[in-house]
Amino acid sequence: MSGDRDPGLQPERTRLAWRRTTLSSTVATVLGVKAALHGGASAPAVVACAACCGLWLGFLALAHHRIRALSSASVPLALHPWRAAAAALCTVALAVCAATLVL
């Protein structure tokens, strides 16, 4: 029965999931920057804001690479373990950074 499965659907869903996660991290970064700059910027807030922006750029680069890989190959290669770990680390660290800025 596995011969009936359309191999194009799973990479498409995965690519869309990467796009959604990228959008979520963008929103978290924008909210963090807004919170850091609202009401005067303190030195710790600026450092946390810079960390959020750096983590967002790192995740954006990883996600863009993965989206391109999923789009270009008929059978995409598996995500390399260090890229998966880096993406997870960026996501968690960005969430912590943004939460610290908002609270």
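Modeller: Read along the sequence, the chain runs α-α-α. This is a predicted model. The count is three helices and zero strands. The part to look at closely is H2, residues 43-72.

Start with the general idea. Two packed helices are described by the angle between their axes and the distance between the axes.

The axes of H1 and H2 come within 9 Å and cross at roughly 165°. An angle over 145 degrees counts as roughly antiparallel, so H1 is roughly antiparallel to H2. Their crossing is left-handed.

Now the residues on each side. From H1, the contact includes Pro11, Thr14, Arg15, Trp18 and Arg19. Further along H1, Thr29, Val33 and Ala36 are also among the residues that meet H2. On the H2 side, the list includes Ala45, Cys49, Cys52, Trp56, Phe59, Ile67 and Leu70. By class, the contact of H1 with H2 has 14 nonpolar, seven polar and three charged residues.

Thr14 is found in H1. With a relative accessible area of 22%, Thr14 is partly exposed. Lys34 is exposed, with a relative accessible area of 57%. From Lys34 to Cys49 the C-alpha distance is 9.0 Å, and the two are 15 residues apart in sequence.

Next comes H3, residues 81-102. The axes of H2 and H3 come within 9 Å and cross at roughly 150°. The cut-off of 145 degrees applies again, so H2 and H3 are roughly antiparallel to each other. H2 passes H3 in a left-handed crossing.

Which residues meet here? H2 brings, among them, Ala48, Cys52, Leu55, Gly58, Phe59, Leu62 and His65. H3 answers with residues including Arg83, Ala87, Cys90, Thr91, Leu94, Cys97 and Leu101. The classes in this contact are 17 nonpolar, three polar and one charged.

Leaving out residues up to four places away in sequence, Leu55 touches Cys90, Ala93, Leu94 and Cys97. Those four residues are on the H3 side of the contact between H2 and H3.

In soluble globular proteins, nonpolar side chains tend to be buried together. The largest nonpolar core here has 18 residues. Those touching the most other members are Trp18, Ala36, Cys52, Leu55, Phe59, Ala87 and Leu101. H1, H2 and H3 are the elements that give two or more residues to this core. H2 gives the most, with ten residues.

Finally, the whole chain. Of its 103 residues, 24% count as buried. Among contacts between residues at least 6 apart in sequence, 81% join residues at least 24 apart.

To put H2 together: H2 is roughly antiparallel to H1 and roughly antiparallel to H3.

Terms used:
Residues are numbered from 1 along each chain as its sequence is written. This is a predicted model: local features need pLDDT of at least 70, side-chain atom pairs count only at pLDDT 80 or more; totals for chains, interfaces and linings use all residues. Side-chain values use heavy atoms; hydrogens and water are left out. Axes are lines fitted to C-alpha atoms, for helices over the stretch in contact, and angles run from 0 to 180 degrees between N-to-C directions. Angles under 35 degrees count as roughly parallel, over 145 as roughly antiparallel, 65 to 115 as roughly perpendicular and the rest as oblique. A crossing is left-handed if the near helix is turned anticlockwise from the far one by less than a right angle, and right-handed if clockwise. Contact means heavy atoms within 4.5 Å. Ala, Val, Leu, Ile, Met, Phe, Trp, Tyr, Cys and Pro count as nonpolar, Asp, Glu, Lys and Arg as charged, and the others, Gly among them, as polar. A nonpolar core is a set of buried Ala, Val, Leu, Ile, Met, Phe, Trp, Tyr and Cys residues joined through side-chain atoms within 4.5 Å. Buried means under 20% relative accessible area, exposed over 50%, partly exposed in between (1.4 Å probe, protein chains only).
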